[in-house]
Each structure stands twice: as C-alpha cells, then as structure tokens.
Amino acid sequence: MAGVVVRIGSAVQSFKPGDEVYARPDKDRIGTFAEFIAMNEDAVAIKPKALTMEEAASIPLVGLTAWQVLIERANLKKGQKVLIHAGSGGVGTFAIQLAKHIGAFVATTTSTANLDWVKALGADVVIDYRKDDFATILRNYDVVLNSLGSEVLVKSLQVLKPGGKLISISGPPDPEFAKEMGLSWILRQIMRLLSYRIRKKAQRHRVSYSFFFMRADGEQLREIGRLTESGIIRPVVDRVFPFESTNEAMAYVENGRAKGKVVVRVRGLR
C-alpha cells in the first residue's frame, strides 16, 4: 500500500500525521483494499518523493521479496549468475534490476512478446519459454529464483552448479519455513512431506532447495526507496484500476499476462 498517515500511536517515533508512506503490512494484517489500515511502525517507510502513490504501492511486496531472496537468502554477489523466472512479472521485473545493481549476470524467462522489453530491464540472457527449454541452454548458475510451477522447479535444478541455491516463492514449503513460522508439529510434518521430492532431488544435484515467504520490513523499504530515488530501480506498473473495478483488476492479474504490477486506486491522492 501507499498512502498518508492520519493518526499514530503514543509510542510511534518515526512518523507523524501527514507523512506519505508505503508498506507491505505484516502477514497477519490484511486490508489494503480499504481507505484505512492500521500497521506496525516497523513495517512502514516514507514514500520515495519521486514516485506517485500508485508507483509506490506497486513496490513493497515485490521489492521486499526480491531483496530478501537475492540479498538475504541467496547472498548474491557481483559476478555470480542468477536465473530469475517470469522476468516480466511483478517480482521478476524488480529482481532483474536489483540483481544487475548487485553486479550479477542475469538470465530470465518470458514470452515472445516481452523479450526485448525484459532485456531493456537489464537481463543479460532472455529465453522465450514458448520456443526454448531453459534447462538445455543455461549451465553453472549460482542461484535460481523460482515463481512458477513444479515442472519448472524441478528442471531448474539442472542449471545450477554444485553448491547452488534453488529458492522458490511459489512452493512447496519446506520444514525450515514451518520452523520459522512457528507452526505446529503436525504442520511441520505435512510441509516436510510436501517438499520431500524436490529436497531429495536437490540433494542428488548437490544443491540446496528452500521455500521463501516475504516478511514486512520498513528498514529494507527505506533501502529500496533510496534505489528508486537514485533511478537505479524503477517500478513497473502495468495498469491502475479504480476501486470500483477491483474484481476486474483481480481477473486481469489471474490471467497471468500482466507486465509488472497491477494497482488498485482506492482514493485519489496524487
């Protein structure tokens, strides 16, 4: 979300009424399709001044996901090679730009219509998934960021070099994720079973598999804001829908053809 602070709690120190902010609420806080939402101070950051509210609202979910996968989980370094699936999607468009900023060599997959557009975002190798099989083209990659289905997930193991990391934001969840979330013993066992096949396959390829679920983080949003202010990363907004057309917006997202993010404007701010 992006919006204006209207009221703060007595312990809040970093914000005041009237501040323009952006955020991804904590996992147990839903409700950004609304005029008001209450959030923890730690999840919020000042909105980058150069961005519109719509552009700012498009960033937190995908920006934090890309940051936490590539920088925290993968520890991606300059000169390493990363495959980012679905390069024209919300996470993909942001992750490509962030990986290039780090100094990595970036490959991505997309459809025929988006090849040149994704390359303009900074991808070094762009594979048309309608025509070519990425698993037969790419080799010796350090990291794969997967956001697609199980078939792509398994094939991604083939492009990694020994010691490489396959990180998926689309599942299946693994035991470590269950532990991080503090889930019950039963749920931990269920997730162990769900991810058993891919974890064993990864082990045979001498690589690691992990499932990742983004968390809210205002400090990281401040870092991301600095990158957008300096022009290093630019938000990619496909379409903006008025609140009255939210159902249409959701249907548009579900068809899987959006380039970047889709935004719902609840109120006209600027």
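## Exercises on a predicted model

Trp185, Ile186, Leu187, Ile190 and Leu194 together make a nonpolar surface patch of about 540 Å².

### Exercise 1. Aromatic pairs

Task: State how many aromatic pairs the structure holds, and classify the geometry of the pair Phe177 and Phe211 and of the pair Phe241 and Tyr252.

Solution. 

Step 1. There are three aromatic pairs in the structure.

Step 2. For Phe177 and Phe211, the ring centres are 4.8 Å apart and the planes stand at 85°. Angles over 60 degrees count as edge-to-face, so the pair Phe177 and Phe211 is edge-to-face.

Step 3. Phe177 is in helix 7 (residues 175-180) and Phe211 is in strand 9 (residues 208-211), so this pair ties together parts 34 residues apart in sequence. Both Phe177 and Phe211 are buried.

Step 4. For Phe241 and Tyr252, the centres are 5.9 Å apart and the planes are at 50°, so the pair is tilted. Distant parts of the chain are linked here: Phe241 is in strand 10 (residues 237-242) and Tyr252 in helix 11 (residues 246-254), 11 residues apart. Phe241 and Tyr252 are both buried.

Step 5. One aromatic cluster is formed by Phe177, Phe211 and Phe213.

### Exercise 2. Charges over rings

Task: Identify the ring that lies under Arg239 and the ring that lies under the charged end of Lys259.

Solution. 

Step 1. Arg239 lies over the face of Tyr252, at 4.9 Å from the ring centre.

Step 2. Lys259 has its charged end over the ring of Trp117, 4.5 Å from the centre of that ring.

### Exercise 3. Salt bridges

Task: Report how many salt bridges a search of the whole structure finds, and describe the bridges formed by Lys47, Glu180 and Lys161.

Solution. 

Step 1. The search of the whole structure finds 13 salt bridges.

Step 2. Lys47 meets Glu20 in a salt bridge with an N to O distance of 3.6 Å. Lys47 is in the loop between strand 3 (44-46) and helix 1 (53-57), and Glu20 is in strand 2 (residues 20-23), so that distant parts of the chain, 27 residues apart, are linked. Lys47 is buried at a relative accessible area of 3%, whereas Glu20, at 27%, counts as partly exposed.

Step 3. In the bridge between Glu180 and Arg73, the closest N and O atoms are 3.9 Å apart. Glu180 is in helix 7 and Arg73 in helix 2 (residues 60-73), so parts 107 residues apart in sequence are tied together. Arg73 is partly exposed, at 24% relative accessibility.

Step 4. In the bridge between Lys161 and Asp142, the closest N and O atoms are 2.8 Å apart. Lys161 is in strand 8 and Asp142 in strand 7 (residues 141-146), so the pair ties together parts 19 residues apart in sequence. Lys161 is partly exposed, at 31%, and Asp142 is buried, at 10%.

Step 5. Glu72, Arg215 and Asp217 are linked in a network of salt bridges.

### Exercise 4. Backbone features

Task: Locate the cis peptide bond that joins Gly171 and Pro172, and describe Asn140 and Arg206.

Solution. 

Step 1. The peptide bond joining Gly171 and Pro172 is cis, with omega about 0°. Pro172 is in the loop between strand 8 and helix 7.

Step 2. Asn140 is not a glycine, yet has a positive phi of about 60°. Asn140 is in the loop between helix 5 (134-137) and strand 7, and is partly exposed with a relative accessible area of 48%.

Step 3. Arg206, also not a glycine, has a positive phi of about 60°. Arg206 is in the loop between helix 9 (196-204) and strand 9, and is exposed with a relative accessible area of 60%.

Conventions. Residues are numbered from 1 along each chain as its sequence is written. This is a predicted model: local features need pLDDT of at least 70, side-chain atom pairs count only at pLDDT 80 or more; totals for chains, interfaces and linings use all residues. Side-chain values use heavy atoms; hydrogens and water are left out. Rings of Phe, Tyr and Trp (its six-membered ring) pair if their centres lie within 6.5 Å; planes under 30 degrees apart count as stacked, over 60 as edge-to-face and the rest as tilted. Helices (H or I, at least four residues) and strands (E, at least two) are DSSP runs, numbered from the N terminus. Buried means under 20% relative accessible area, exposed over 50%, partly exposed in between (1.4 Å probe, protein chains only). A charge sits over a ring if NZ of Lys or CZ of Arg is within 6 Å of the ring centre and within 35 degrees of the ring normal. Patches are made of residues with over 30% relative accessible area and no salt bridge: like charges are joined within 9 Å, nonpolar side chains (Val, Leu, Ile, Met, Phe, Trp, Tyr) within 5 Å. Accessible areas come from the Shrake-Rupley method with a 1.4 Å probe; for residues, only the protein chains shown count as cover. A salt bridge is a side-chain nitrogen of Lys or Arg within 4 Å of a carboxyl oxygen of Asp or Glu.
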